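Please look through the structure shown below before reading on.

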Amino acid sequence: MVRDAIKRYVEAAQSLTEVPRERAEQIARTLAGSGLIDGGQIRGVASDIVGRSRENRRKLTDLVAREIRRQVSRIGFASKEEVERLRQRVQALEISERRIRQAIDRGPAKRKPATKAGTARKPTTARR
């Protein structure tokens, strides 16, 4: 929803700065007709208009993208990388929890009683 709104905003902004070749040639012919440029300059002026409109479009797109990043960071949304890192941590914790539960379900391991060094009992022999 927010992404769609941003996308529509960017597309609308781009359409404001994009001048198609046909429109650029029409503008150049109008300039030639009013005597502001020579007839031989129509193609060059049209190419210049198209080039400038592309550059303006790129600049506007960069400006909008920077502003979106600034606003998103200001609001405090997590980046894709941060979300992925947290997902991996949660997954690792779930695996650890599963292993702990399995160990608990198996019960305590049967161990031999520990003896201190040098105090081990020696087998007794029966005296007669």
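Side chains of opposite charge can pair when their charged atoms come close. R52 and D48 are four residues apart in helix α3, so about one helical turn separates them. An α-helix has 3.6 residues a turn, so residues three or four places apart point the same way. R52 is exposed at a relative accessible area of 54%, while D48 is partly exposed at 37%; here buried means under 20% relative accessible area, exposed means over 50%, and partly exposed lies in between, with a 1.4 Å probe and protein chains only.

Before going further, a word on how the model is read: residues are numbered from 1 along each chain as its sequence is written, and side-chain values use heavy atoms, with hydrogens and water left out. Because the model is predicted, local features need pLDDT of at least 70 and side-chain atom pairs count only at pLDDT 80 or more, whereas totals for chains, interfaces and linings use all residues.

How many salt bridges does the structure hold? There are six, and another of them joins D62 to R58, whose closest N and O atoms are 2.8 Å apart. D62 and R58 also lie four residues apart in helix α3, about one helical turn from each other, and both are partly exposed, D62 at 32% and R58 at 42%. This pair belongs to a network of salt bridges that links E55, R58 and D62. In helix α4, which covers residues 80-106, R101 forms a salt bridge with E97, the closest N and O atoms being 3.0 Å apart. R101 and E97 are again four residues apart, and therefore about one helical turn, with R101 exposed at 51% and E97 partly exposed at 39%.

The helices themselves can now be placed in order. The protein has four helices and zero strands, and its pattern along the sequence is α-α-α-α; helices (H or I, at least four residues) and strands (E, at least two) are DSSP runs, numbered from the N terminus. The 27 residues of α4 should span 39 Å at 1.5 Å a residue, and the C-alpha atoms at its ends are 39 Å apart, which agrees; the expected span is 1.5 Å times one less than the number of residues. Just after α4, G107 takes a positive phi of about 85°.

Leaving out residues up to four places away in sequence, A32 touches I37, D38, G39 and I42, where contact means heavy atoms within 4.5 Å.

Which residues does V19 contact, apart from neighbours within four places in sequence? V19, which sits in the loop between α1 (2-17) and α2, is in contact with A24, I49, V50 and S53. V19 and I49 are 30 residues apart in sequence, yet their C-alpha atoms are 7.4 Å apart in space. V19 counts as partly exposed, at 22% relative accessibility.

On the surface, V72, I75 and F77 form a nonpolar patch with about 290 Å² of accessible area together. Patches are made of residues with over 30% relative accessible area and no salt bridge, like charges being joined within 9 Å and nonpolar side chains (Val, Leu, Ile, Met, Phe, Trp, Tyr) within 5 Å.

Lastly, consider the protein as a whole. Buried residues make up 11% of its 128 residues, and the protein exposes about 12,000 Å², of which carbon and sulfur atoms supply 53%; accessible areas come from the Shrake-Rupley method with a 1.4 Å probe, and for residues only the protein chains shown count as cover. Among contacts between residues at least 6 apart in sequence, 58% join residues at least 24 apart.

How values were computed:
Salt bridge = Lys/Arg side-chain N within 4 Å of Asp/Glu carboxyl O.
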